[in-house]
Amino acid sequence: MTTIIPQFINGEYLPGQSTESQSIVDPATQQHLANLPYSSEADIERAIEGAEKAFASWRKVPVPERARLMLRYQHLLKAHHDELAEILAQDNGKTFEDAMGDVWRGIEVVEQACNIPSLLMGETVENVARDVDTYSITQPLGVCVGITPFNFPAMIPLWMFPLAIACGNTFILKPSEQVPMTALRLVELFEEAGCPSGVLQMVHGGKQQVDALLDAPLTRAISFVGSVPVGEHIYRRGCHQLKRVQCMAGAKNHMVIMPDADKNTVINNLLGAAVGAAGQRCMAISVAVFVGDAIQWLDELTEKLRAIRPGHWKDPEAGYGPLISPAAKQRVEALIAAGVNEGANLKLDGRQCQVAGFPDGNWLGPTVFADVTTDMRIYREEIFGPVLCAMQVANLDEALALVNNSPFGNGTSIFTASGAAARRYQSEVEVGQVGINIPIPVPLPFFSFTGWKKSFMGDLHAYGKQAVRFYTETKTITARWPEDDASSSAPNMTISLK
Ligand code: NAD
């Protein structure tokens with residue numbers, strides 16, 4: 001019997017009513033795992049109306065009680081950590097260890113949401129005028145929406161709904177239609193933790209369903225994580241509808257390798273950063289920028305990459321899993337072919353990769369290009385596969401110019417023994433997240449995820465204090481409580497506070 005992945009609307013799990021559906025497939029075997037019926041227009045309307053209704057009571061639930069829901073959820077997520085990672089590894093394909101990390105980085109955001117009373121604190125100034133105090137309070141917006149990608153099936157939904165709901169909003173999650181099984185388990189555990197009916201809703205689908213959520217008058221804020229073209233569409237359409245929108249989008253991340261860095265540290269860090277999760281990470285290092293003589297390390301790096309092999313999520317020796325779909329594999333292979341045609345030096349070719357026992361998986365071996373130039377497609381486009389582009393520059397000035405000319409700005413790193421070089425790089429680089437001797441500098445959730453340029457559209461970033469501001473309005477109150485007889489005050493015909 002085929003498993004049906006249901007929606008979750010007003011406390012009920014029921015299949016989407018659209019005639020469209022998606023088959024959920026194990027990317028290591030092409031085995032059909034489940035069927036995902038999409039939400040109909042009426043489903044989306046019910047989800048929005050239910051969330052709006054639930055908002056009326058949820059916003060009044062005391063903040064410590066909301067924090068306790070998050071504490072219970074954190075406990076349940078930890079208790080089900082292995083089970084969630086197994087589900088995630090099946091629908092996404094990443095290795096079990098990497099799937100455990102995906103869930104863990106989401107749990108860390110839930111821990112941040114447990115701290116919501118402190119995060120919601122406003123500001124007060126006593127005596128802004130005679131007998132007058134001004135203070136601000138932080139209030140929820142209403143119905144918020146989250147649209148998430150396939151590559152972090154647990155972490156990215158958990159970037160969104162726990163903080164939004166802890167702030168007093170209700171939330172509609174539209175997870176990636178490629179990996180809905182993890183999202184379903186996240187929702188079930190949130191219900192088990194005690195989330196009231198209607199506070200978290202889940203609908204399914206693609207563009208049509210997303211556009212309906214963007215256009216609905218009752219949805220107030222949209223969080224999106226995914227590719228640049230879809231992010232641009234969502235940002236434009238959401239802003240046109242006068243919504244609050246934040247879009248965390250695609251990337252091309254450079255690692256600058258100074259010749260004074262420790263060679264083994266560089267190579268060991270670059271291996272996982274370049275091909276871990278089959279390169280399907282928005283913070284993956286896809287460009288290695290060797291400064292001066294550091295280029296001599298490229299051969300050794302290439303040999304070590306040759307030794308890394310993809311495999312099934314249950315295989316503890318596998319370095320990473322398959323690409324998400326045959327279409328994604330074809331896209332990456334076409335980009336590799338474009339790199340060859342444009343004259344890049346293909347030092348390691350991951351095409352024709354086979355994994356014993358899994359002839360149908362979307363496998364691609366580690367791939368390395370040298371002599372890459374900035375006009376090539378493999379440099380200009382996000383490849384989202386286990387493909388590393390190597391480039392050489394003469395000095396730190398040239399490295400900075402190269403990175404700053406890239407339209408993307410999600411993450412970058414520098415490996416060096418020089419504090420001065422690192423300090424200059426962190427100050428002058430036009431990228432929102434910088435690692436110094438750290439390859440993938442994803443901030444922990446008491447900070448925010450601060451991509452720049454084409455990698456982010458909006459004003460306030462994901463998680464941390466910025467997300468609390470994104471999911472709330474500030475109300476500022478100015479109050480006079482005079483001790484003297486109020487009737488003695490004279491008329492004030494000006495705007496000044498007297
Ligand atoms: P995607 O853009 O194809 O899909 C993301 C979401 O948008 C999905 O829920 C999908 O259903 C929906 N969607 C797809 N097409 C749409 C359309 N035309 N209109 C409206 N909605 C649409 O992204 P993906 O392939 O799932 O994920 C990979 C991308 O996500 C990469 O580009 C990666 O860099 C990016 N990403 C960015 C971050 C970040 O924080 N900056 C994090 C993870 C992933």
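Tutor: What follows is a set of questions and answers about a predicted model.

Student: How is the protein divided into domains, and how many Å separate their centres?

Tutor: The division gives domain 1 (7-249 + 455-477) and domain 2 (253-436), and the bounds come from an automatic or database domain assignment. Taken over C-alpha atoms, the centres of domain 1 and domain 2 are separated by 31 Å.

Student: What makes residues of domain 1 and domain 2 count as being in contact?

Tutor: The criterion is that the C-beta atoms of two residues lie within 7 Å, and under it 17 residues of domain 1 are in contact with 22 residues of domain 2. On the side of domain 1 that touches domain 2, the elements giving two or more residues are helix 3 (81-92) and helix 4 (96-113), and helix 4 contributes the largest share, with 3 residues. By class, that side of domain 1 holds 7 nonpolar, 8 polar and 2 charged residues.

Student: Why is the ligand said to lie between the domains?

Tutor: The shell around the ligand takes residues from both domain 1 and domain 2, and therefore the ligand lies between them. There are 29 residues around the ligand, and P149, G226, M248, G250 and C282 come nearest. Helix 8 (207-215) and helix 9 (228-240) each supply at least two residues of this shell, with helix 9 giving the most, 3 residues. Sorted by class, the shell has 14 nonpolar, 11 polar and 4 charged residues.

Student: How do you know that the buried residues of helix 15 are on the same side of the helix?

Tutor: The buried residues of helix 15 (residues 419-428) are A421, A422 and Y425. They cover an arc of only 95° around the axis, and so they fall on the same side of helix 15. In general, an α-helix has 3.6 residues a turn, so residues three or four places apart point the same way. G419, A420, R423 and S427 are exposed on the other side of helix 15, while the buried residues pack against strand 12 (253-257), helix 14 (396-405), strand 18 (412-415) and strand 19 (434-436).

Student: Why is K94 called buried, and where is K94 placed?

Tutor: K94 is in the loop between helix 3 and helix 4. A residue is buried if 20 or more other C-beta atoms lie within 10 Å of its own, and K94 has 29 within that distance, so K94 is buried. Its contacts, apart from neighbours within four places in sequence, are A89, A99, D102, A277, W313, Y320 and G321.

Student: And why is K314 called exposed?

Tutor: The cut-off for an exposed residue is 12 or fewer other C-beta atoms within 10 Å; K314 has 12, and therefore counts as exposed. K314 is found in the loop between helix 11 (298-306) and helix 12 (326-341).

Student: What is the phi of A278 and of F384, and why does each count as buried?

Tutor: Phi of A278 is near 55°, a positive value in a residue other than glycine, and phi of F384 is near 60°, also a positive value in a residue other than glycine.

Conventions. Residues numbered from 1 in each chain as written. Predicted model: local features only at pLDDT ≥ 70, side-chain atom pairs only at ≥ 80, totals over all residues. Near = placed C-beta within 6 Å. Helix = DSSP H or I, 4+ residues; strand = E, 2+ residues; numbered from the N terminus. Nonpolar A, V, L, I, M, F, W, Y, C, P; charged D, E, K, R; others polar. Arc of directions from axis to C-beta.
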